[in-house]
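Dear colleague,

I am handing over the structure below, together with a written account of what was found in it. Please read the text with the model open beside you.

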Number of protein chains: 2
Amino acid sequence: MTQSSDTTSYKDIKQTVLRRIRSGDWPPDMLLPNEQELAVTFSCTRTTVNRALRELAEEGFLERRRKAGTRVLSAPQRQARFSIPLIRDEIEALGGTYRYALVSSEAQPAPDWLAARLALSAGQQVQHVRCMHYSTNTPFQYEDRWIVIDSVPQVAQADFSEIGPNDWLVQTVPFTNVELTFLASRADATVAGFLDLPEGEPVFTAERITWLQGQPVTFAKLYFGAGYRMTTQV
Amino acid sequence: MTQSSDTTSYKDIKQTVLRRIRSGDWPPDMLLPNEQELAVTFSCTRTTVNRALRELAEEGFLERRRKAGTRVLSAPQRQARFSIPLIRDEIEALGGTYRYALVSSEAQPAPDWLAARLALSAGQQVQHVRCMHYSTNTPFQYEDRWIVIDSVPQVAQADFSEIGPNDWLVQTVPFTNVELTFLASRADATVAGFLDLPEGEPVFTAERITWLQGQPVTFAKLYFGAGYRMTTQV
DNA sequence: GCGCCTATTTTGTGTAGACTTTAATTTAAT
DNA sequence: ATTAAATTAAAGTCTACACAAAATAGGCGC
């Protein structure tokens, strides 16, 4: 059998199933026919049905359990899946020219709050790097970053005057686990100065903790410039 | 052939490939062997290799192109995939008790900025619903929502005094397209009042536009209470 | 009735093989 | 040299079948 237009593809099945869900034909909580039956109705193999339903489940439309079958999810806990672009790409996509500037870089013992946050031992050495990212001379992001020296010893020799610590890290440490937090914070004098804002202004802020196989690698606090909006399609 | 422990599963392959990428064994931009070769080295079928590599590509580690082959992505633009929980679930997960209160609900012509945002015709009627979500009497979120009446005519009969507009919508218009935006805004007098904050305080804000098959359904502006943090693992 | 064990159903995943589609590459024609 | 057409290598997907694993449902003993 060929797979050209006379064949039912897993994409066709996905579309059809989605349409039935959306139209209310298959309402929330409904148990849908098992793969074998669907394979017959779609006149294809169970393998193909399986792929379609598996992907729909990954996308949050269905719930599948062995023996229990496949059912339509009632509360569509859709997962927003947005990519975290590199700053340079993001700025260039918005039509700006990316420029980077190092503010400071120094080794120091981890402050208490950082030690607590990353489960470091008291007084463990960290590299504290502060830098700016500009979009055509407009401040785009102020980055305040700490890198755990024990986890990335090479950081002692790193030169952050030309390359940003994030770029350096992704080249050096193929990172594994990341915890991302977004919040609205108030610009203190330092942040306001770098981002060219009035003090006290709301600032969209991201915190990013990175581990390499259980070892804390870096904590970054990223303050975005005025009017920043993070958008995603779901 | 069986698939028990003597067989190589697609998960094994994913792990092995990931390990090689992380260890630098397969550096960024490297072209990896084609599926047939990998199938031989892993002693499994090409089907199994295909699934492993396909998923790794979806997860952002590899780039695959027909004829060109599979290569390691240099800047692993990992995609944060975080689920958007229902407010009730989120509050209860944090140990609070969810409480809902309607502030106002009235039909009105769409204001210009909204008409522009949703591509409505001038003066199209919308239902403007404002409400509060509390976590054990602490303000958790102030919701300012507009629902396009032409897209959801049933909204005229809806009673939002007990059920929140979001819950009502997911029951009524199940699966839709969503554009989500996050930003930091400044609490104006209204928002400050509802969230029990000083005026001018930074507020983590989400904007949510929902379409049903190209038709605009609703625009919601969600103002989160003091200290709100949105966290996700990547 | 209650708890435990077994049987059965349904999804999960593998093998083997074929055809399709895309696109890089090479070849031929202008 | 440049463009257009043919070649071909790689991923993409389907068929057909088999066995595995999980979890519900039913039956058994108490």
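Which residue in β3(B) does B:Leu32 stand opposite? The residue facing B:Leu32 is B:Thr70. Before going further, please note that this is a predicted model, in which local features need pLDDT of at least 70 and side-chain atom pairs count only at pLDDT 80 or more, while totals for chains, interfaces and linings use all residues. Residues are numbered from 1 along each chain as its sequence is written, chains are lettered from A and ligands numbered from 1 in the order in which they are written, and side-chain values use heavy atoms, with hydrogens and water left out.

Helices (H or I, at least four residues) and strands (E, at least two) are DSSP runs, numbered from the N terminus, and two strands pair if DSSP finds at least two bridges between them. On that basis, chain B has an open sheet of three strands in the order β1-β3-β2, with antiparallel pairing. In this sheet β1 and β2 of chain B stand at the edges, each with a single partner strand, so one side of each has no neighbour in the sheet. Strand β1 (residues 31-32) pairs with β3(B) over two bridges, and B:Leu31 has B:Arg71 as its bridge partner there. Strand β2 (residues 62-65) pairs with β3(B) over four bridges, with B:Arg65 opposite B:Gly69. β2(B) and β3(B) form a hairpin with three residues between them, and B:Lys67 in the turn has a positive phi of about 70 degrees.

In a regular strand the side chains alternate between the two faces of the sheet.

Buried and exposed residues elsewhere

B:Lys14 lies in helix α1 (residues 10-23) of chain B. Is the residue B:Lys14 buried or exposed? B:Lys14 is buried, because its relative accessible area is 14%. Leaving aside residues up to four places away in sequence, B:Lys14 touches B:Ala52, B:Glu55, B:Leu56 and B:Glu59, where contact means heavy atoms within 4.5 Å.

In helix α6 (residues 165-172) of chain B, the residues B:Pro165, B:Asn166, B:Asp167, B:Trp168 and B:Leu169 are buried, and what covers the buried residues of this helix includes α4 (87-93), β5 (98-109), β6 (125-135), β7 and β10 of chain B.

Two loop residues other than glycine deserve a look. A:Thr136, in the loop between β6 (125-135) and β7 (138-148) of chain A, has a positive phi near 50 degrees and is partly exposed, with a relative accessible area of 45%. B:Ser43, in the loop between α2 (35-41) and α3 (46-58) of chain B, has a positive phi near 45 degrees and is exposed, with a relative accessible area of 58%.

Rings of Phe, Tyr and Trp (its six-membered ring) pair if their centres lie within 6.5 Å, with planes under 30 degrees apart counted as stacked, over 60 as edge-to-face and the rest as tilted. By this rule there are 25 aromatic pairs over all chains. One of them is the tilted pair of B:Trp146 and B:Phe219, at 6.2 Å centre to centre with 45 degrees between the planes. This pair links distant parts of the chain, B:Trp146 being in strand β7 (residues 138-148) and B:Phe219 in strand β10 (residues 215-224) of chain B, 73 residues apart, and both residues are buried.

One aromatic cluster includes residues of both chains, among them A:Phe182, A:Phe204, B:Phe182 and B:Phe204. Not counting residues up to four places away in sequence, the contacts of B:Phe204 include A:Phe182, A:Leu183, A:Ala184 and A:Phe204.

With regards

How values were computed
Buried means under 20% relative accessible area, exposed over 50%, partly exposed in between (1.4 Å probe, protein chains only).
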